[in-house]
Amino acid sequence: MTFLKKRKVALALGGGAARGLANIGVLKVLERERIPIDLIVGSSIGSFVGAGYSVGIPTYRMEEAALGFTMDKLTDFSISRMSALKGKKLGKVIREFTDGKDFEDAQIPIAITATDIETGEELVYTKGNLQEIIKASCSWPGIFPPVAIDDRKLADGGIRNSIPAKMARRLGATIVIAVDVGFCVKAGKLENLFQLFIQSIQIMGKELDAYQSMQADVIIKPKLHNIDQFAFDQAKRAISDGETAARAAIPQICKLLGLNTNLWKR
């Protein structure tokens, strides 16, 4: 697929649930420093944050919304054999965060990754029902039910693209700035099935991130010390860590893009 034909800069936003709120801090700095972004590719919460930004939601509003996130706003327990949660609350949060806008409203082109959970295919969407596609990209199997789109059952984009740098290249980007919010592998005793499941995801995800980030030209990696995927109460610190990491990367980005590196020293 050819999405861009000329030299363009893509921002690849990775997944990570609550850790992915650091993407908002990164966007705040890139916008403040006037770094040109021609395409956003998002996986999982990276699609959620990236889509909001692409359709024109101001970063201050995104931050306000993030500071109000709680697990209760996402938790609607299900008796289904397919998932622990129904996913209706997730859909509501997505609609509110993006003002119910669609791909056609994007001021910056947005591409969203998802995974066909029945075939294992990695997919990317640049049109369609934006709200449902974001929901699919954020739906981790077992936690949220798969989302039916075009006769496919779609799940979290981060399964195949935890950092969608490769997909940005496929869509024609020649320079890729990636945000790697990473995983939170915690050393210690595991005392139940849930902890075992989560820890295994952390370990696998960490390895996948290390591989996929190699395909980016610049990697912005917030520290996010001890912030796990469920720590939505740590949104303020996650966003701040994103800002700190992005500021540190500005000289490298300016050099790569041939911009005046003195502009960022303000």
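Contact is taken here to mean heavy atoms within 4.5 Å. In the predicted model, the buried residues of helix 3 pack against helix 1, helix 2 (45-54), helix 4 (88-97) and helix 8 (235-257). The buried residues in question, within helix 3 (residues 59-67), are Thr59, Met62, Glu63 and Ala66. These residues cover an arc of only 100° around the axis, which means that they lie on the same side of helix 3. An α-helix has 3.6 residues a turn, so residues three or four places apart point the same way. The face of helix 3 that is turned away from its buried side carries Tyr60 and Glu64, both of them exposed.

Of the 266 residues of the protein, 52% count as buried, and the protein exposes about 12,900 Å², of which carbon and sulfur atoms supply 55%. Among the contacts with a separation of 6 or more, 74% are accounted for by residues 24 or more positions apart. The mean pLDDT is 90, with 88% of the residues reaching 70 or more. Over residues 1-5, however, the pLDDT is below 50, and this stretch has 11 contacts in the model beyond near neighbours in sequence. Where pLDDT is low, the predicted coordinates should not be read in detail.

Strand 3 (residues 110-116) is largely enclosed by the rest of the structure, because seven of its seven residues are buried. Ile110, Ile112, Ala114 and Asp116 point one way from strand 3, whereas Ala111, Thr113 and Thr115 point the other way, and burial extends to all of these residues. Strand 3 pairs with strand 2 (residues 39-42) in the parallel sense, over three bridges, and within this pairing Gly42 has Ile112 of strand 3 as its bridge partner. The pairing of strand 3 with strand 4 (residues 122-125) is antiparallel and comprises four bridges, with Thr115 standing opposite Glu122 of strand 4. Strand 3 and strand 4 form a hairpin in which five residues lie between the two strands, and Gly120 in the turn has a positive phi of about 85°. Strand 3 also pairs with strand 6 (residues 152-155), in the antiparallel sense and over two bridges; here Thr115 stands opposite Ala155.

Most residues other than glycine have a negative phi, and most peptide bonds are trans. Arg34, although not a glycine, has a positive phi of about 55°; this residue is found in the loop between helix 1 (22-32) and strand 2. With a relative accessible area of 65%, Arg34 is exposed, the cut-off for that class being over 50%. Asp150, which is likewise not a glycine, has a positive phi of about 50° and lies in the loop between strand 5 (147-149) and strand 6. Asp150 also counts as exposed, at 63% relative accessibility.

Conventions: Residues are numbered from 1 along each chain as its sequence is written. This is a predicted model: local features need pLDDT of at least 70, side-chain atom pairs count only at pLDDT 80 or more; totals for chains, interfaces and linings use all residues. Side-chain values use heavy atoms; hydrogens and water are left out. Buried means under 20% relative accessible area, exposed over 50%, partly exposed in between (1.4 Å probe, protein chains only). Two strands pair if DSSP finds at least two bridges between them. pLDDT is the predictor's confidence in each residue, from 0 to 100. The arc is that of the directions from the helix axis to the C-beta atoms. Accessible areas come from the Shrake-Rupley method with a 1.4 Å probe; for residues, only the protein chains shown count as cover.
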